[in-house]
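Thanks, everyone; I would like to take a few minutes on helix packing and on the ligand surroundings in one model. Please have the view open while I talk.

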Amino acid sequence: MELIVTKQHHIATLTFNRPKSFNAFNVSLCQAMQKALDDCAQDADIRCIVLTGAGRAFCAGQDLGEITGDNPPTFQQILDDGYNPIVLKIRALEKPVIAAVNGVAAGAGANIALACDLVIAAESASFIQAFSKIGLIPDNGGTYILPRLIGWQKAAALMMTGEKVSAQAAEKMGMIYKWVPDAAFVATVEQQAAHLAQMPTKALGLIKRALNQSFTNDFKTQLSLETQWQGEAASTADYKEGVNAFVQKRIPTFKGI
Ligand code: T3D
């Protein structure tokens, strides 16, 4: 199986499983990812999603063997039918998505990680905008998301040079949420996912919706959307539970509804 999907304790873990090619993406892995993301969106029991890679790498981007083999898909097919729906589904999924970057994340692999809500990287992991090294431009939303994370200058430099960025440097420049020592990586991701899966899922989804919109809205429009979506958050059972628990000085039990 090129994508391993496990579900436990309200968390779905999607593991890219092509370790011999550093989990490079081919057409069938793209399709499996889209299907899994759709399933996570529809499954009300799932309240947090974790993406990670099997073996030493997170994902080395496009499978270069596939595009140099017989009957390769066209660029348009690869992007329109493969990657673009994946990053759109990650951004549209109104539940937290964690990229647990266990090793190198290159090309499409790096930008799929950066499309997630939280990126947690093992100390030995790295991020490479590898595209220019083979004569391509960053895709998977990289030209949109990376400058918004780290600023225009740094994004331009990383995209043009294809320089490898360590997990520590990625955190320092604001590209990722945090790095953790390799020995603590799995436990940290598990704790973070478990924490998010116990939180008010609808509110987290609305936070994500608001952040998505904030990229392009003016301030007044965003204020008005905040008002509208705050109303949505305030109509959830979890909001009532949160306020009651605070007043009663107890720990809230959120159900994600
Ligand atoms: O049509 C389109 O292409 C549009 C879409 C583009 C999206 C993209 O993602 S373009 C960018 C594609 N990715 C790359 O250019 C990255 C290529 N890989 C690398 O630069 C390096 O492998 C890494 C920096 C990721 C890791 O380097 P290193 O030295 O740690 O490992 P390695 O020895 O290079 O690779 C390990 C194995 O994985 C190796 O296989 P082998 O020799 O042991 O049998 C290598 O061939 C394989 N591998 C790594 N990346 C890919 C790959 N196999 C297929 N496709 C890959 N992208």
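In this predicted model, the contact between helix α5 and helix α6 brings Gly142, Thr143, Leu146, Pro147 and Ile150 of α5 up against Trp152, Lys154, Ala155, Leu158 and Met159 of α6. Sorted by class, the residues of this contact are seven nonpolar, two polar and one charged. Helix α5 covers residues 142–150 and helix α6 residues 152–161, and the two pack at an angle of about 130° with their axes 7 Å apart, so α5 and α6 count as oblique to each other. The crossing of α5 past α6 is right-handed.

Let me now turn to the other helix pair. Helix α1, residues 27–42, packs with helix α3, residues 75–92, at an angle of about 25°, and their axes are 9 Å apart; α1 and α3 are therefore roughly parallel to each other. Their crossing is left-handed. On the α1 side the contact is made by Cys30, Met33, Gln34, Leu37 and Asp38, and on the α3 side by Asp81, Gly82, Tyr83, Pro85, Ile86, Lys89 and Ile90, and these residues divide into seven nonpolar, two polar and three charged.

Finally, the ligand: which residues are the closest to it? It is surrounded by 22 residues, of which Ala60, Gln62, Leu64, Ile78 and Ala108 are the closest. For Ala60, a backbone N or O atom lies 3.0 Å from a nitrogen atom of the ligand, and for Leu64 a backbone N or O atom likewise lies 3.0 Å from a ligand nitrogen atom, while a polar backbone atom of Gln62 is 2.8 Å from a nitrogen atom of the ligand.

Technical notes:
Residues numbered from 1 in each chain as written. Predicted model: local features only at pLDDT ≥ 70, side-chain atom pairs only at ≥ 80, totals over all residues. Heavy atoms only, no water. Axes fitted to C-alpha atoms, helices over the stretch in contact; angles between N-to-C directions. Helix = DSSP H or I, 4+ residues; strand = E, 2+ residues; numbered from the N terminus. Parallel < 35°, antiparallel > 145°, perpendicular 65-115°, else oblique. Left-handed = near helix turned anticlockwise from the far one by under 90°. Contact = heavy atoms within 4.5 Å. Nonpolar A, V, L, I, M, F, W, Y, C, P; charged D, E, K, R; others polar. Near = heavy atom within 4 Å. Polar contact = N/O pair within 3.5 Å; in protein donor to acceptor, adjacent residues only side chain to side chain.
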